[in-house]
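I opened this notebook to record what I looked up, one entry at a time.

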Amino acid sequence: KGEGEAMEIEGFSAKNAIANIIFNKDGVGNFDIALKEDKPDEPQTESAPLALAIDGYEIENLKFTFENQASNMKMVLDSINHSGDGSFKNQVVDLNTKTTTKLLFVMDSVNYVNNAKLSLDAVLGIDLNNQKYSFKQNKALINQLPLEFDGFIQLTDAGQLYDLTFKTPESSFKNFLGLIPEVYSGMIANVKTEGDFEVSGKVKGELKENVIPTFSLAMKSDNASFQYPDLPKAVKNIHIDVDVANQTGNLNDTYVDINQLSFKIDQDQFNAQASIKNFMENALVDAKLNGTINLGNLTKAYPIKLDKPLSGVLNANIATKFDMNSIEKQAYQNMVNSGTMSLTGFNYTGPEMANAVIINKAALTFNPSNITLNAFDFKQYFSERNKIFAEYW
């Protein structure tokens with residue numbers, strides 16, 4: 001270009017890149033490497049003009065890690081493949097993008113998301129003057145769950161401003177199976193489903209130091225069912241009512257309410273309720289389990305890959321309240337438990353056990369101060385080479 005004319009960037013690409021952003025416990029980022037020295041103000045010089053005339057760009061196999069050691073949080077976006085096309089010659093542009101990646105999210109040693117597959121095909125409305133990015137036509141997948149987004153993200157001096165809503169484009173119960181990684185859910189295309197499953201939510205507010213946007217996530221299903229074509233059993237009477245929300249912007253005020261989670265296989269009904277609060281400081285858990293599960297029916301209704309089939313019947317009617325600090329310190333006297341649990345006819349043989357294990361009957365009673373083992377009928381069969389040890393035992 002001639003003198004005074006802008007140098008134009010027409011495109012760029014990156015392959016096999018690695019990016020790590022780490023904040024230590026004092027809040028200092030690993031990118032903060034400049035020496036801070038007191039120097040007299042130097043006269044400002046005008047830099048050469050630069051213009052973005054990008055028609056297309058591509059990022060292949062990028063691994064991005066964000067870690068905050070103060071909050072013991074780590075997020076990894078692995079195998080990021082992203083491309084976009086659209087002219088940046090104007091300050092307002094519609095950018096056609098395609099993105100795929102895998103997400104890992106860990107907080108306080110709890111793995112909340114483990115290599116979930118994410119994909120997004122979207123037209124993004126970009127306003128460079130206001131640093132505002134709006135979702136237009138778009139289709140996202142979390143594993144195999146479809147989602148659609150509306151709203152915008154805007155960069156501000158303090159951080160980022162969010163005003164987003166999202167929902168499933170349809171209410172088929174296959175949406176729920178789509179949440180489960182394909183390696184565990186099997187191919188869901190031919191699964192017969194009845195009933196609905198809907199996901200909806202919103203994110204609104206600023207993300208800045210010590211403040212997050214308020215958000216809500218709701219998952220609902222009422223009297224649904226599914227059956228895999230090659231399996232004899234169906235899972236019926238499925239009711240799901242789960243809310244995850246933060247109404248204050250304080251991360252510790254995030255809570256999870258499992259208002260109802262129930263299903264039925266044959267005549268066996270299982271129900272669960274739970275609430276989890278005070279996530280960041282000392283998680284408080286209040287849970288109830290009630291129902292019966294025939295372990296032998298699990299592989300007949302769901303494509304679980306086991307070397308040996310399970311058998312046995314689990315009955316539970318339990319209520320429990322505890323905090324995670326007490327569990328970590330083994331201060332079990334702080335737990336509040338009540339109810340009973342039993343296991344009968346349990347038979348298991350697996351590669352991690354040298355010999356078959358049979359529990360004819362085990363029965364437990366839970367009280368506020370103790371757990372009582374009322375019955376325990378246990379057998380283990382030994383191979384011929386362990387016969388001497390078996391006779392001694």
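Strands here are DSSP runs of E with at least two residues, numbered from the N terminus. With that rule, I placed Asp286 in strand β16, which covers residues 284-294. I note that the model is a predicted one.

**Entry 1: Asp286 and its partner**

I looked up how open Asp286 is and found a relative accessible area of 29%, so Asp286 counts as partly exposed. I then listed what Asp286 touches, leaving out residues up to four places away in sequence: Gln273, Ala274, Ser275, Thr320 and Lys321. I also checked the spacing to Ala319, which is 33 residues away in sequence and 7.7 Å away in space, C-alpha to C-alpha.

Which side chain meets Asp286 in a salt bridge? I found Lys321, with 4.0 Å from N to O. Lys321 belongs to strand β17 (residues 311-323) and Asp286 to strand β16, so this pair ties together parts 35 residues apart in sequence. Lys321 is partly exposed, at 48% relative accessible area.

**Entry 2: other salt bridges**

I looked up the count of salt bridges, and it comes to 8.

I took Lys220 and Asp243 next; their side chains meet in a salt bridge of 3.4 Å, N to O. Lys220 sits in strand β12 (residues 214-227) and Asp243 in strand β13 (residues 235-246), so the pair ties together parts that are 23 residues apart in sequence. I found Lys220 partly exposed at 33% relative accessibility. Asp243 is partly exposed as well, at 22%. The cut-off matters for this residue, because buried means under 20% relative accessible area. I also noted that a network of salt bridges links Lys220, Asp241 and Asp243.

Then I turned to Lys233 and Asp266, whose side chains form a salt bridge at 2.7 Å, N to O. Where do the two residues of this pair lie? I found Lys233 in the loop between β12 and β13, and Asp266 in the loop between β14 (255-265) and β15 (268-277), so the pair ties together parts that are 33 residues apart in sequence. Asp266 has 39% relative accessibility and counts as partly exposed.

**Entry 3: positive phi angles**

Before reading the angles I noted the background: most residues other than glycine have a negative phi.

I looked up Ser79, which is not a glycine and yet has a positive phi of about 55°. Ser79 is in strand β4 (residues 73-85). Its relative accessible area is 23%, so Ser79 is partly exposed. Residues up to four places away in sequence aside, I listed Asn61, Leu62, Thr100, Thr101 and Lys102 as the contacts of Ser79. I also took the distance from Ser79 to Asn237: 158 residues in sequence and 38 Å in space, C-alpha to C-alpha.

Asn16 has a positive phi too, near 60°, and is also a residue other than glycine. I found Asn16 in the loop between β1 and β2 (18-23). At 48% relative accessibility, Asn16 is partly exposed.

**Entry 4: Thr97**

Is Thr97 buried or exposed? I found 5% relative accessibility, so Thr97 counts as buried. Its place is strand β5 (residues 92-107). I listed its contacts, again without residues up to four places away in sequence: Tyr57, His82, Ser83, Gly84, Leu120, Asp121, Ala122 and Leu124.

**Entry 5: a charged patch**

Last, I looked up surface charge. Which residues gather in a patch of negative charge on the surface? I found Glu5, Glu8, Glu10, Asp55 and Asp85. I followed up one of them: Glu5 lies in the segment before β1 (7-15). Glu5 has a relative accessible area of 47% and is therefore partly exposed.

Technical notes:
Residues numbered from 1 in each chain as written. Predicted model: local features only at pLDDT ≥ 70, side-chain atom pairs only at ≥ 80, totals over all residues. Heavy atoms only, no water. Helix = DSSP H or I, 4+ residues; strand = E, 2+ residues; numbered from the N terminus. Buried < 20%, exposed > 50% of the residue type's maximum accessible area, 1.4 Å probe, protein only. Contact = heavy atoms within 4.5 Å. Patch = residues over 30% accessible without salt bridge, like charges linked within 9 Å, V, L, I, M, F, W, Y side chains within 5 Å. Areas by Shrake-Rupley, 256 points an atom, 1.4 Å probe, with all protein chains shown as cover. Lys, Arg positive; Asp, Glu negative; His and termini not counted. Charge placed at Lys NZ, Arg CZ, Asp CG, Glu CD.
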